[in-house]
Amino acid sequence: MKHCGIYIHVPFCLRKCQYCDFISFSDFSQEEDYFKALHREIDLYESAFSDCVIDSIFFGGGTPSAVSPVQISKLMNRLRKYKICGNAEITLEVNPATLTDENLLIYREAGINRLSIGLQSADDRELRELGRLHSVKDFLNNYAAARRAGFSNINVDIMFGIPLQTMESFQRTLEVVCDLKPEHISAYSLILEEGTPFSERNDLELPDEETEQWMYEHLQSFLRTRGYFQYEISNFAQKGFACRHNLKYWRMEDFIGFGLAAHSFYGGLRYANTANYSDYIRRLSLGEKPVIQSERESEEELFQDAVITGLRLNEGIDISRLKECFRIDFEKRYSGALERYLKSGHLVRTEKGYALTREGFEISNYILSDLL
Ligand code: SF4
């Protein structure tokens, strides 16, 4: 039987952060209608789930912990009409200051076994500048509550290259996080996305390029000394705790996304749900799937996706698998570039193919655009 992951988008946030371009809003009066629609959408996938077993579920957002925990619990019950692996990884994205002992208990009882906490920075000034609603103290209190409630698989999200951040403050963030020993750490650099308040400001005190580069290199070496292995460009984990759900995206395995603007990839097809709230609710009230786009990528596109996602991972790409799936000889096609990057130390030969080195991760965008 095939395995499949599930992503559920919860588009509610208490307030919009200054840098965020995710689909989310703060009108909680729509919560009930939205969750009803999600239940209907899940019901429409009966045939897709008839021959597969769910091995990961990810509630993302938005801020899934900002809605009533009972909604999460009811959705989990709904999903149980399909087959869920006994050891499935079930993650809930949460924000500090939204967790209570009562909520955490409901999540545990619902089957959530992994929390992903959006800290971003352990400096209150930086958090305020980002427009985050929580303080470092809120994070520490919530983290302790999560451990007390029995969560033994926790990710903490941090950011670098953010306004007001210095090498010293970034180092403090790393220390605060590592001292707590979360099982997983994700670290992303700030991107000024078009249409966000940050993209319109010209007074942001951002670290310069060299400092940001230092932060990424330091992140890699510091986390290594604290027992984390880097398994993807932006992701670090203790042994055995790489995020199984995200690995599905990078390994191009099947997953189905539910909710506003959710994406799916299964049976070799990519699907996208509508990003228009009223349209999403309307389609589901009529018993229609809210899918507005579905496409079968060409062999060449799938091959390129496999190279891009494979090289993001520490394990790299498996050249015999590429040959088997796409009938393309990777070494033959990229012989010149491979030789160059092997010589410069940005790429290494692995047992199954090729992988970027630590230095390669630093310039991964450049290498990937050069290759493809
Ligand atoms: S909490 Fe997350 S999803 Fe919500 S606005 Fe902030 S960054 Fe965006």
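Me: Two strands (DSSP runs of at least two residues, E, numbered from the N terminus) pair if DSSP finds at least two bridges between them. What's the order in the three-strand open sheet?

Reply: The order is E13-E15-E14, with antiparallel pairing. This is a predicted model, so local features need pLDDT of at least 70 and side-chain atom pairs count only at pLDDT 80 or more, while totals for chains, interfaces and linings use all residues. Residues are numbered from 1 along each chain as its sequence is written, and side-chain values use heavy atoms, without hydrogens and water.

Me: Which strands are at the edges?

Reply: E13 (317–318) and E14 (347–349), each pairing on one side only. Two bridges join E13 to the antiparallel E15 (residues 353–356); Asp 318 has Gly 353 in E15 as its bridge partner.

Me: What does its side chain make a polar contact with?

Reply: The side chain of Asn 155, at 2.8 Å. Such a contact is a pair of N or O atoms within 3.5 Å, within protein one able to donate a hydrogen and the other to accept it; residues adjacent in sequence count only if both atoms are side-chain atoms.

Me: What else is Ser 116 in contact with?

Reply: Beyond neighbours within four places in sequence, its contacts (heavy atoms within 4.5 Å) include Thr 91, Leu 92, Glu 93, Val 94 and Asp 157.

Me: And which residues does Phe 59 touch?

Reply: Not counting residues up to four places away, Phe 59 touches residues including Thr 91, Leu 92, Glu 93, Ile 90 and Ile 112.

Notes. Helices (H or I, at least four residues) and strands (E, at least two) are DSSP runs, numbered from the N terminus.
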